[in-house]
Amino acid sequence: MALIKLENITLEFPVQASKSDRRQSSKESHIGGQLSQGQSGQMVVRALDQLSLTLGPGDRLALLGHNGAGKSTLLRVMAKLYPPTHGRVTVQGRVAPLLNLGFGLDMDSTGYDNIFIRGLYLGMSKAELKKKADAIAEFSELGDFLDLPMRTYSSGMRARLAFAISTHVETDILLLDEVVATGDARFLKKANEQLESFARDSKLLVLASHSNKVLRDLCNKAIILEHGRIKASGPIDEVIETYAVSMGVDGNDG
Ligand SMILES: Nc1ncnc2c1ncn2[C@@H]1O[C@H](COP(=O)(O)OP(=O)(O)OP(=O)(O)O)[C@@H](O)[C@H]1O
C-alpha cells in the first residue's frame, strides 16, 4: 500500500524580520514563500499555501519550482517531519525520506554501525538489516572507511552511505530532495540506476531536483510550485516544458 493524501495544506514558518524599505512584496519577488504578518502580528513565511494532492502506487512525482517555492517543505510534510499549520496529511505505507543526509546518522559511530542505526530508524528489523548490511556496505564502496567514525567522512562519503541505506530499505514511498546530485560522477550513475530500479517496482516516489534529466529519467508526473501553491500539474514532459517556458529557459537543458 502506498498513499499520500494532502488536503488543503498550509504551512507557515514564524520568522524574525526587521522592518525594511528595501523589502519587495513576495508577490513581486521571484524567490521564496509568501512573507506576511500572521494573525498574532508576527512575521511568517507561508511556505505552502492551501495545497491539495493525492498520490498512489506507481506515481513518481517531480517537484519543480523556483528557489524557495516550497519543494523541500512539501517533502518534509509528506515525511511527517513538519506538521502543517492547517490541513490534513494522510500517509499510508512505509516511508524512506532521503532529505537531509545527516539525519538519523550518528557521527561518532562507525559507518557500519550507522547502517544499523539508520536502518532501524527507517523501520527495518534487525533480521532484515543483518541480511542487507553487506549489500549496503558494498553499494557504498566505502570499504575500510566503514570501520571509522562517520565524522571523519567527507560530505560525498556521507551521501553515499545515507543513499545506500535508504534505497536498500524495503519501503513503499521514497522521498528525495536533490541528494542524488551529491557524490562523484560514477556514484551518480550507480545511484540513478538504483533509483530507476526502485521506481520500476512501481513504488511511490516524490523527487525535488533542479535537473530536468534526473526528473525525466525517474518521474512520470510533475507539479510546478510557485510561492507554495500548485501552479501546474500533469505528465512530466509537458510540465517541464511549461516550467521552462515560464522561466525563459530551454527545457532540454540539464
Ligand atoms: N526552517 C525555516 N524557517 C523559516 N523559513 C523557512 C524554513 N524552511 C524554509 N523556509 C522558507 O520557506 C520557503 C520555502 O522553502 P523551501 O526550502 O521549501 O523551498 P525549495 O522550493 O525547496 O527551494 P530550493 O529550490 O531553493 O531548495 C522559503 O521562503 C524559505 O525561506
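**Group meeting: a walk through a predicted model**

Hi everyone, let me begin with one glycine. Setting aside neighbours within four places in sequence, Gly-70 is in contact with Gly-33, Ala-47, Leu-48, Gly-65, Leu-225 and Gly-228, where contact means that the two C-beta atoms, placed from the backbone, lie within 7 Å. What you see is a predicted model, in which local features need pLDDT of at least 70 and side-chain atom pairs count only at pLDDT 80 or more, while totals for chains, interfaces and linings use all residues. Residue numbers start from 1 along each chain as its sequence is written.

Is Gly-70 buried or exposed? Gly-70 is buried, because 29 other C-beta atoms lie within 10 Å; the cut-offs are 20 or more for buried, 12 or fewer for exposed, and anything in between for partly exposed, again with C-beta atoms placed from the backbone. You will find Gly-70 in the loop between strand S4 (60-65) and helix H1. Its C-alpha atom is 17 Å from that of Met-43, a residue 27 places away along the chain.

Now the overall picture. The chain has 7 helices and 10 strands, taken as DSSP runs numbered from the N terminus, with helices being H or I over at least four residues and strands being E over at least two. Of the 254 residues in the chain, 39% are buried. If we take the contacts between residues at least 6 apart in sequence, 71% of them join residues at least 24 apart.

On to the ligand. Which residues come nearest to it? Out of 14 residues around the ligand, the nearest are Phe-13, Ala-47, Asn-67, Ser-72 and Thr-73; the cut-off for being near is a backbone-placed C-beta atom within 6 Å. Ala-47 is also one of the contacts of Gly-70. Strand S3 (43-55) and helix H1 (71-78) each contribute at least two residues to this shell, and H1 gives the most, with 3. By type, the shell has 5 nonpolar, 8 polar and 1 charged. Here Ala, Val, Leu, Ile, Met, Phe, Trp, Tyr, Cys and Pro count as nonpolar, Asp, Glu, Lys and Arg as charged, and the others, Gly among them, as polar.

Let's follow H1 into the loop that joins it to strand S5 (86-92), where Ala-79 sits. Ala-79 counts as buried because it has 21 C-beta neighbours inside 10 Å. Beyond the residues within four places in sequence, Ala-79 is in contact with Val-95, Pro-97, Leu-99 and Leu-175. Lys-80 lies in that loop between H1 and S5 too, but Lys-80 is exposed, because it has 11 other C-beta atoms within 10 Å. Lys-80 also has a positive phi of about 60° although it is not a glycine. Asn-8, in strand S1 (residues 3-14), is another non-glycine with a positive phi, of about 55°. With 12 C-beta neighbours inside 10 Å, Asn-8 counts as exposed.

Now some helix packing. Two packed helices are described by the angle and the distance between their axes. Helix H3 (residues 126-140) and helix H4 (residues 155-168) have axes that come within 9 Å and cross at roughly 140°; the axes are lines fitted to C-alpha atoms over the stretch in contact, with angles from 0 to 180 degrees between N-to-C directions. So H3 is oblique to H4, since under 35 degrees would be roughly parallel, over 145 roughly antiparallel and 65 to 115 roughly perpendicular, with the rest oblique. The contact is made by Lys-132, Ala-135, Ile-136, Phe-139 and Ser-140 of H3 with Arg-160, Leu-161, Ala-164, Ile-165 and His-168 of H4. Those residues divide into 6 nonpolar, 2 polar and 2 charged.

How does H2 sit against H3? The axes of helix H2 (residues 111-121) and H3 come within 10 Å and cross at roughly 125°, which means H2 is oblique to H3. Tyr-112, Ile-115, Phe-116 and Gly-119 of H2 meet Leu-129, Ala-133, Ile-136 and Ala-137 of H3. This contact has 7 nonpolar residues, 1 polar and no charged.

One last stop, back in H4, where we find Thr-167. Thr-167 is partly exposed, because 19 other C-beta atoms lie within 10 Å. Leaving aside neighbours within four places in sequence, Thr-167 is in contact with Gln-194, Leu-195 and Phe-198. Its C-alpha atom is 9.7 Å from that of Pro-97, a residue 70 places away along the chain.
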